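Subject: Structure handover

Hello,

Here is the structure I promised to pass on. Please open it alongside this email.

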Amino acid sequence: MSKAKMYTKKFLPTLCLFLASSFVLVSSQICGESLFYRPNSTYAINRLLVLSTLASNVSSREGYYNASVGEGPGRIYTLGLCLPGTDPKVCSDCIQLASVSLSENCPNQTNSWYWRSEDDTNTICFVRYSNRSFFNQIDLRPREEYIYGFDFVGDVAEYKRTWGGFMERMISAASSSSPGALAGRHYAANTTPLPGSRAIYALMQCIPGISSADCNACLLENVRYYQSCCSGKQGGSVRRPVCFFRFDLYRFRNAFHNLTSSPPPQRSQDRQELQPTTPPPPPPPPDGKTISTGVRMALIVSTVVFMVLLALGLFVFKRRQSFNTLKNDNDIISSESLQIDVKTIEAATDQFSETNKIGQGGFGVVYKGILPDGTKVAVKRLSKNSGQGTEEFKNEVVVVAKLEHRNLVKLLGFCVEGDEQILVYEFVPNKSLDYLLSDTIKRQRLDWTTRFSIIGGIARGILYLHQDSRLTIIHRDIKASNILLDDDMNPKVADFGMARIFGMEQTQANTRKIAGTFGYMSPEYAMHGRFSMKSDVYSFGVLVLEIISGKMNSSFNETDDSAVNLVTHAWRLWRKGSALELLDQTFGQQYQTEEVRRCIHIALLCVQKDPRDRPMMSKVILLLSSSKITLQLPCAPGFYFQSSLDQDLEADDSFGKQIPCSVIDASITELDPR
């Protein structure tokens, strides 16, 4: 055996491990370590509030939003940012995932940040919050870096020279961008060629608000750090609280599709400051001889092929294991009766044609299709980037397969083949409730009679999950986008990926992984991870207020009276005796006054802070169907934020004094986008 082969055999396992660790660009959040807050403090409530609305605020304001909420020790400053030109839905999903991650992994730190840039996502976004203002300040600590293990193969000296000049031009382009301009908000993405067919791709971003000089200084620190530790590598990323830098030898994200590389300018002496220094050569093999470039290339190529095959084998094994588990769960589902092969689904959707696309979310894309027997279906094709993984997919199949109710969406089949995870549902033509409520024109299709019917249908669907099916199911994500409407505007509760099955005697469960949507979550679930039937009741109450008002809780912002969410706004109107002011103005005079007032009253009973005070869904349906039953007065709702307006109300409003419940001692005095 040749010495080269012996060397390859000896060091191949180490090299495999080394390359495996270098393939994945991990992304994590930075949690502050100096100051902390109490879990139930005003700051904790304010943090939950701003993170719950940040995704919608950023995506609706061209990818950038900052604000301050509260006053005194409870005041919080927050900022959200997506790359310029990012699709609003993609931006919203990225910010939401980053916000949830910070909530879960930084439980009580007052200053935390997250550049979310994982290779299973298609964008980069940034979320930061703090108890001090940071919008116009430069912060260079802490630093976070991810460095690839590959050494550049080829003319290393030329690579370093090209890299250094390119980074200098990138820093200049990013830091000179006008902070107020959408197309260049302290942002640059470009490419420069290398000998042969390769090129360097780089992206730099600073937060808006800091000066060009501060942006330049932050990016320069990133590049210099990279040079000092890892000169000659083929890719990496360095992040700080106010700037982001990444480069690779391939296109990443969606930042380079419209770019054509241009040759760098001629080398000049004044560019030497950024030029990397040549690292010492690698250690020789045991026999003292160096390894030729050909052997290095053979090692790398063979190892890459090995790792790809190994990863593919593990993926197929785990997928089959998950599928077999699904098949063996005979007590829940007879999977053979629901399996649909991928070729049938491809034919039904015309090969997943764009013309058949009817929806898209963080989970993937939904297509309209027609099965061979003529049945119209909605095909939910989970993407690899989906937050809904194999376990959630299995959970949705298991939960939905045995459910049969006119107010629940019906699962007709599923497919697990290769990379595909597909759910096939009955086709519901009028899309989702939020699709209609969020549009002023489309909302006019929903008169009061229709909305009252929708409220009752949703309640019956949830009751079936809680009490009337063979399983006790907690949905955990009741919201407008998960309510579908059929031809006759009958509501159907959908999306059971986050649902949980309770045992016969079980009434409550705890989790460290909070799943669901901020704004609809009950306080005990969002802050402590406790969920029960009463958690779904709270979400239902928020949804009823949205249906009545025509306003989405996620985008609600009444700055004039400091009502920073829909629940607070509805509670204040109720306490003033002006509940009907909540009503959607598109109704005109076409509504039943007492019916509307009663629905608002029931909704406020559902969103009370203490879950013991909320009615069960069986009681909710009884209250909706009979006007003869006297309603109790509601207590203060969860996530109700008291201000000076409420104190004035307590002083001279006798209606408010009848309420025998204490009010949360929390204050939010401004939500001030900058």
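**The chain as a whole**

Please keep in mind that this is a predicted model. The chain holds 17 helices and 21 strands. It has 674 residues, and 53% of them are buried. Take the contacts with a separation of 6 or more: 70% of these join residues 24 or more positions apart.

**Helix packing**

Two packed helices are described by the angle between their axes and the distance between the axes.

Start with helix 10, residues 448–468, and helix 15, residues 617–625. Their axes come within 9 Å and cross at roughly 155 degrees. An angle over 145 degrees counts as roughly antiparallel, so helix 10 and helix 15 are roughly antiparallel to each other. The crossing of helix 10 past helix 15 is left-handed. On the helix 10 side, the contact uses Phe452, Ile455, Gly456, Ala459, Arg460, Ile462, Leu463, His466 and Gln467. Helix 15 brings Met617, Ser618, Ile621 and Leu624. By class, that contact has eight nonpolar residues, four polar ones and one charged one.

Helix 10 also packs with helix 12. The axes of helix 10 and helix 12 come within 11 Å, crossing at roughly 170 degrees. Helix 10 and helix 12 are therefore roughly antiparallel. From helix 10 the contact takes Trp448, Arg451, Ile454, Ile455, Ile458, Ala459, Ile462 and His466. From helix 12 it takes Met533, Asp536, Phe540, Leu543, Val544, Ile547 and Ile548. Twelve of the residues in the contact of helix 10 with helix 12 are nonpolar, one is polar and two are charged. Ile455, Ala459, Ile462 and His466 of helix 10 are among the residues that touch helix 15, and they are also among those that touch helix 12.

Tyr538, Val542, Leu545, Glu546 and Ser549 of helix 12 make the contact with Leu566, Val567 and Ala570 of helix 13. Six residues in the contact of helix 12 with helix 13 are nonpolar, one is polar and one is charged.

**Around isoleucine 422**

Isoleucine 422 lies in strand 15. Its relative accessible area is 0%, so isoleucine 422 is buried. Leaving out residues up to four places away in sequence, isoleucine 422 touches Val342, Ile345, Phe352, Val379, Lys380, Arg381, Phe393, Gly413, Phe414 and Cys415. One of these, isoleucine 345, is 77 residues away in sequence.

Lysine 380 is in strand 13, residues 376–382. Lysine 380 is buried, at 6% relative accessible area. UniProt, in an unreviewed entry, places the feature "binding site" at Lys380. Phenylalanine 352 sits in the loop between helix 7 and strand 11. It is buried too, at 10% relative accessibility.

Phenylalanine 414 is another contact of isoleucine 422. Alanine 401 and phenylalanine 414 are 13 residues apart in sequence and 9.8 Å apart in space, C-alpha to C-alpha. Alanine 401 belongs to helix 8, residues 390–401. Alanine 401 is partly exposed, with a relative accessible area of 24%.

**Positive phi values**

Most residues other than glycine have a negative phi. Two residues here have positive values. For phenylalanine 352, phi is near 55 degrees. For lysine 431, phi is near 60 degrees. Lysine 431 is in the loop between strand 15 and helix 9. At 36% relative accessibility, lysine 431 is partly exposed.

**A buried glutamine**

Which residues does glutamine 234 touch, not counting those up to four places away in sequence? They are Phe150, Asp151, Phe152, Val153, Tyr159, Tyr226, Phe247, Asp248 and Leu249. Glutamine 234 is in the loop between helix 5, residues 212–230, and strand 9, residues 236–240. With a relative accessible area of 18%, glutamine 234 is buried, because the cut-off for buried is under 20%.

Best wishes

Conventions: Residues are numbered from 1 along each chain as its sequence is written. This is a predicted model: local features need pLDDT of at least 70, side-chain atom pairs count only at pLDDT 80 or more; totals for chains, interfaces and linings use all residues. Side-chain values use heavy atoms; hydrogens and water are left out. Axes are lines fitted to C-alpha atoms, for helices over the stretch in contact, and angles run from 0 to 180 degrees between N-to-C directions. Helices (H or I, at least four residues) and strands (E, at least two) are DSSP runs, numbered from the N terminus. Angles under 35 degrees count as roughly parallel, over 145 as roughly antiparallel, 65 to 115 as roughly perpendicular and the rest as oblique. A crossing is left-handed if the near helix is turned anticlockwise from the far one by less than a right angle, and right-handed if clockwise. Contact means heavy atoms within 4.5 Å. Ala, Val, Leu, Ile, Met, Phe, Trp, Tyr, Cys and Pro count as nonpolar, Asp, Glu, Lys and Arg as charged, and the others, Gly among them, as polar. UniProt positions are given in the numbering used here, feature names are shortened, and annotations may be inferred rather than shown by experiment. Buried means under 20% relative accessible area, exposed over 50%, partly exposed in between (1.4 Å probe, protein chains only).
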